[in-house]
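Dear colleague,

Please find below the structure that I am handing over to you. My findings follow directly after it.

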Amino acid sequence: MTNTSLNQGQMLNNSPQNAIDIKQLTTILFHRRYLILGISCAVMSVAILLAIFAKPKYQSSMQILVSSNLYEGVRSSNVQGSTDSEFTDPNFQVVDYTAQLKLMLSSKLIEKAVDLLRPNYPDITLEDIRGKKEKGEKSPLEVTQIEAGTGINKIPSQVFEVTFKDKDPLKAQRVLQALQTVYQNYNIEQQNERLHKGLSFVNARLPEVKKEVSQAEKNLEEFRRNHNLLDPEVQSKILLESLADIQKQLETTRAQLQDIRARQANLEQKMASSSQNAIVSSRLSQSTRYQTLLNEIQKTELALAQERLRYTENSPRIVNLKQQRQSQVALLRQEAGRSLGDKVTITPNPQQPLLTQGQMVGVDLKLVEEVIQVQTTSLGLLANEKSLVESEQRLRNELNKYPRLIAEYNRLLPEVQTNRKTLEQLLQAQQSLGLKIAQGGFDWQVLEAPDKGIYLGSGRLFLLGGGLIIGPILGIMAALIWELFHDVIYSARQFQRLTNLRLLGTIPNLGEGGLRKRLFKLAGNKQRTVTPLVETSPKLPYHENLDMVYQNLQILKYPLPFKSLMLTSTLAGEGKTTMTLGLAASAAHMHRRVLVIDANMEHPSLHKILELSNDWGLSLLLVDETNTPLTDYIQPIHPDIDVLTAGPTPEDTVKLLSSARMKELIELFEQTYDLVLIDAPAILDSVDARIVASLCNGIVLVGRIGQITQSELIQARDILSKLNLIGAIANDVKDSPKV
């Protein structure tokens, strides 16, 4: 029989599929209920003892207004001034209420209060008021700053509440009265010292700040004078705007120049198309004076373009250059006429030129005029382009210097501003402190005098309630922590999931309350007879679920029957012997002849349960070399049930169980009986169970719920998985389903 038979058929009893983790949690808590109860009782006992010895508490309180005339002037100046002021000396900030709170709780002041209380309380110490910090005790003296406003608008106020708790209401009041006196006396002693110290600081700081202001202003002035500018950032913006304007003009000029060159090329093409015009063009190009005038016009255009960057169109310089250009253009035309005058005659109608002897005809004077005009315009645009390119380069070179100048300027200017602001604040603080020395310093006013302590309670209800709540919580936590280190299985569902086997059945506790003692008597005509003593002595466990297990085994045996079954467990004490007897009873109930073999020769228990003799049994049968009948070793306990006890403990059980004699006996018993049930040792206790398992048709693993652990079960499953393990039985299952 192989493991493939495990997948055949549907089991009669399936574990519930809707099990939830919370059920397992409740099961764990139920199994650890005594631990939880013990811890809860211990915590509650401690709480009751603390409540019995708890003493009543009384609290007295007073309120003190901590204001300062000393810093009012400084606070006003800080509010009016910039928030990013560099003046951060702590002597001139708003009152540090955190420091005031620490001062009120300081050992120095509390010790003075202790001295005042000594006449009434000779044994009082500093720790009685402040508490023993090294032991983590909560201080009976507390000072808190009252908040003003509501909700998110709450802000700390200038009012401090001082409270003191003690078992004596009068003592609580007197302690606060002593502290009130100490606070007021200390305030008077310290105010003059603080004020004069602040004024001395201001007077010492003023000359240094004035010197720093003077030096910073001198550095800024020298920077402006060396670079001939006031604000490099403003100047750089102006230069950038000028550069953008020049680039725009340059782009326009180049576009115009491209257009005029195209026009000039067109005119030259027209000139070249006529032989007379070509002669005219050749003569103009060969005229030295004509070319000289063209160069002069180009220089004038260049000068005009450069001056336009500096002056307006109405300036005398621009006007003179325009007149000079007009004169040069007129001379250019005259020179062109002179060069061509002896060969050209202009008729009244240029459209119909007259031909005369000795003169050149066919010359288009209008075309010549256009050529001269285009050349003049081209020279002007070229001069303008050259001037704009030079101006652009000059501006770029100048702009390259400005990042360094701006960085230096931004370093010098804030230094001047900061030093000036610091100087102003020091002068204001000097004047304010002078006034405060005349007016007085800190003012600690008692708004609410301490009264006799009021009763707060003894905390007994709190202790009892805390013990009532914390006890079970600690108990549950302890139970869960215990489970983390002891992975016990508490449900048949978990047992099946970890084994990944067919769950043949779940058996409840078959103890005295759950065991039905039943004696099966032979019904009808039987071939075997037993003595009356045997019929009345066996105590076989019986339960409906055992019948279900047997029926599940019947389903699994198809197509070949399991003639021999070995029942084992992970460790001893999980009920495999009881399950073996129960299955034997269920098989006998189905009219099957059953042989029960106790193969646990080192720790036999079957004969004790059935009250049988163990003087002979399996161990003797394996070493018997005579032809003694097998029936002499077998003890009948029921008409359909025979038992082969373990017999005396041998020296080497492994040798006996692994012998060929053992295999022959099992094969012989399989031929004689309908079912052979072998009660084997625990699989993790010894190697005996593994030897017997190799000789049987099937193996059934028994696990006691609430005792078997996950690690043990997984280890046993891994060992038996290599053998013919057909299923598992969950023993001692709470709320096991009934038939």
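Predicted model: local features only at pLDDT ≥ 70, side-chain atom pairs only at ≥ 80, totals over all residues.

Strand β7 is mostly covered, with six of its six residues buried. In a regular strand, side chains alternate between the two faces of the sheet. In β7 both faces are covered: S564, M566 and T568 are buried on one side, and L565, L567 and S569 on the other.

Strand β7 (564-569) is also among the elements that cover the buried residues of helix α17, as are β6 (503-506), α18 (576-589), β11 (675-679), β12 (698-704) and β13 (725-731). The buried residues of α17 are N545, L546, D547, M548, V549, Y550, N552, L553 and L556. Helix α17 comprises 13 residues (544-556), which at 1.5 Å a residue should span 18 Å; the C-alpha atoms at its ends are 19 Å apart, in agreement with that expectation.

Lastly, I draw your attention to a pair of helices, α15 (residues 492-499) and α24 (residues 710-720). Their axes come within 9 Å and cross at roughly 40°, which makes α15 oblique to α24. The crossing of these two helices is right-handed. The contact is formed by Q494, F495, L498 and T499 from α15, together with Q710, L713 and R717 from α24.

Yours sincerely

How values were computed:
Residues numbered from 1 in each chain as written. Heavy atoms only, no water. Helix = DSSP H or I, 4+ residues; strand = E, 2+ residues; numbered from the N terminus. Expected span 1.5 Å × (residues − 1). Buried < 20%, exposed > 50% of the residue type's maximum accessible area, 1.4 Å probe, protein only. Contact = heavy atoms within 4.5 Å. Axes fitted to C-alpha atoms, helices over the stretch in contact; angles between N-to-C directions. Parallel < 35°, antiparallel > 145°, perpendicular 65-115°, else oblique. Left-handed = near helix turned anticlockwise from the far one by under 90°.
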